[in-house]
Amino acid sequence: MSACVFCKIARKEAPADLLYQDEWATAFRDIRPVAPVHVLVIPNKHIASVNEVEEDDERLLGHLFLVARRVAEQEGICQSGYRLIVNNGSHAGQVVFHLHLHVLGGQRMRYPMG
């Protein structure tokens, strides 16, 4: 998807505060943070949403969680705790239709989430 902003970030064609990148995933700071630490972890492969995930993506999805943990360690929130959120579809609040994990931390999270 050449027009997808997250694909452009993964290809380094759009600016972002990159925290991590490898052949499968990219992590960068959210431009509209809702917590002191708000990082997005994306697959470099364009997957629009959870609804588009295929069986061949199983390893990639696990890798995204490992990158999220690495980012939490890097940002110093691993021990205090952090929240991972995946919004799927417009009713869930998905704005950019490229699968992504929100890594939120640096403060006590509120409950309930909905």
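The second largest pocket has a volume of about 190 Å³. This is a predicted model: local features need pLDDT of at least 70, side-chain atom pairs count only at pLDDT 80 or more, and totals for chains, interfaces and linings use all residues. Residues are numbered from 1 along each chain as its sequence is written, and side-chain values use heavy atoms, without hydrogens and water.

**Pockets**
- A pocket is an open set of points on a 1 Å grid over the protein atoms alone, where a 1.4 Å probe fits, with protein on both sides within 12 Å along at least five of seven lines; lining residues have an atom within 4 Å of a point.
- Residues lining the second largest pocket include Val-34, Arg-83, Leu-104 and Met-113.
- The largest pocket has a volume of about 420 Å³.
- Of its 20 lining residues, Phe-6, Asp-30, Arg-32, Leu-40 and Val-96 are the closest to the centre.
- Helix H1 (5-10) and E2 each give two or more residues to this lining.
- H1 provides the largest share, 3 residues.

**Helix H2**
- Helices are DSSP runs of H or I with at least four residues, and strands are E runs of at least two, numbered from the N terminus.
- H2 covers residues 58-74; at 1.5 Å a residue its 17 residues should span 24 Å, and the end C-alpha atoms are 25 Å apart, which agrees.
- That expected span is 1.5 Å times one less than the number of residues.
- Buried residues (under 20% relative accessible area, 1.4 Å probe, protein chains only) of H2 include Leu-60, His-63 and Val-67.
- Just after H2, Gly-76 has a positive phi of about 75 degrees.

Conventions: Buried < 20%, exposed > 50% of the residue type's maximum accessible area, 1.4 Å probe, protein only. Points joined across faces, edges and corners; volume = space filled by probe spheres on them.
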